[in-house]
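Please consult the sequence and the structure shown below while reading.

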Amino acid sequence: MDPQWTRIELEDREVFLLGTAHVSRRSVEAVRRAVAKLEPDRVCVELDPDRLRALRDPDRWRRLDLVKALWKGQGPVLLANLALAAFQKRIGLATDVRPGEELLAAVEEAEARGTAVALVDRPIRLTLLRSWRRTRFWRKLGLFGALVASAFEDAELDEEDLARLRSTDTLSGLLEEMARAAPEAKEVLVDERDRYMAARILGVGGRRVLAVVGAAHVPGIARILREGSDPGDPSRLEELPPRGIVSRALPWVLPAIVLALFAAGFAAGDTAALRQAAWAWVLANGTLAAAGAAAALGHPLTVASAFVAAPLTSLNPTVGAGMVTGLVQAWAQRPRVRDLEGLLDDLAHWKGWWTNRVARVLLVFLFSNLGSALGTFVAFGWLKDLVG
């Protein structure tokens, strides 16, 4: 059966939109047939350079420099990327097709025929950052919790789930789920990408263009192209909106208030209350951060470092407790070659987050940070009563 596409005439050129599902073997075959049958001058693909490199080098995790990443403060980004990679690995195991394989097939088929390839999607990192900046604080917590939960989920997929995955664009589906969780971010997660890809498709040369995109994007892109409306400059959709006042101020406000409370106690000359306040700060921050490190099955030295570091890092927004504990964990139980080579295989099941030493470092980073943050709020309540 020939692949189904949407044909759009644009003055002296024509664009064919081929909608695919990212975990469908049928989509892989449809892409190859479309490139062969249409013989386009250009092939546009719903990818960005980073995603294409990831598809071509699925074993890139073997070269991960974990200590360097933590030292540069890239722990949150690394954790999010690893959670997404683990989710895709599970989907691939269930469907026997690696997510995005049909997009890679489009690139390879075009390159084999000497056809120019254009990567037309906005980098997923920019999409997520733009949506994060526009999302309210409490909904950010919900989105973060959903991401973490998806990483640890180990549920079996039934036939209905598999059928849905094979017939939809899984990445777009994920972004649409996020849009439902945070409606104010829908424009960034869904609509902006349609406009971005439409603008990039219009900007490529060639009289006959084949655009391979997720099925969920075909209606939006087709509408923009048919109406002849200006989708705008795609570079404007790559700009990050400024962080909100609350996001910029909060990491500094709490430490400032805590230091002010200590200063007030010192000025009042009540050394007993000041001593109790200091102990409250140390115990709340240190104990909960250490509990987080222990929950991640961190090394005893890591747990001890969490207790010592958290009361200090909570007063310094530029350094988190997780950075310290992650580095200590990476030193105390160095990841082995096997941990790097089998990282995604281990994370296909939730237990692998604790048994793989690379993943355990990131769990230590996450849980000790969460414990320290919780400890800060608990200690703040105690300080108000002791010093106030």
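Patches are made of residues with over 30% relative accessible area and no salt bridge, where like charges are joined within 9 Å and nonpolar side chains (Val, Leu, Ile, Met, Phe, Trp, Tyr) within 5 Å. Accessible areas come from the Shrake-Rupley method with a 1.4 Å probe, and for residues only the protein chains shown count as cover. A salt bridge is a side-chain nitrogen of Lys or Arg within 4 Å of a carboxyl oxygen of Asp or Glu.

The model is predicted: local features need pLDDT of at least 70 and side-chain atom pairs count only at pLDDT 80 or more, whereas totals for chains, interfaces and linings use all residues. Residues are numbered from 1 along each chain as its sequence is written, and side-chain values use heavy atoms, with hydrogens and water left out.

**Surface**

Trp279, Leu283, Phe307 and Val308 make a nonpolar surface patch of about 400 Å². Helix H13 (271–295) and helix H14 (300–313) are the elements that each give two or more residues to this patch. Helices (H or I, at least four residues) and strands (E, at least two) are DSSP runs, numbered from the N terminus. The protein chain has 19 helices and five strands. Its accessible surface comes to about 19400 Å², of which 58% belongs to carbon and sulfur atoms.

Buried means under 20% relative accessible area, exposed over 50%, and partly exposed in between (1.4 Å probe, protein chains only). Of the 388 residues, 47% count as buried. Val308, in helix H14, is exposed because its relative accessible area is 55%.

**Salt bridges**

Side chains of opposite charge can pair when their charged atoms come close.

| Pair | N to O distance |
|---|---|
| Arg7 and Glu14 | 2.8 Å |
| Glu109 and Arg32 | 2.9 Å |
| Arg193 and Glu46 | 3.0 Å |

Arg193 lies in helix H10 (residues 186–203) and Glu46 in the loop between strand E3 (42–45) and helix H2 (49–56), so this pair ties together parts that are 147 residues apart in sequence. Arg193 is buried, with a relative accessible area of 1%, and Glu46 is buried at 0%. Arg7 and Glu14 belong to a network of salt bridges that also links Glu9 and Arg208.
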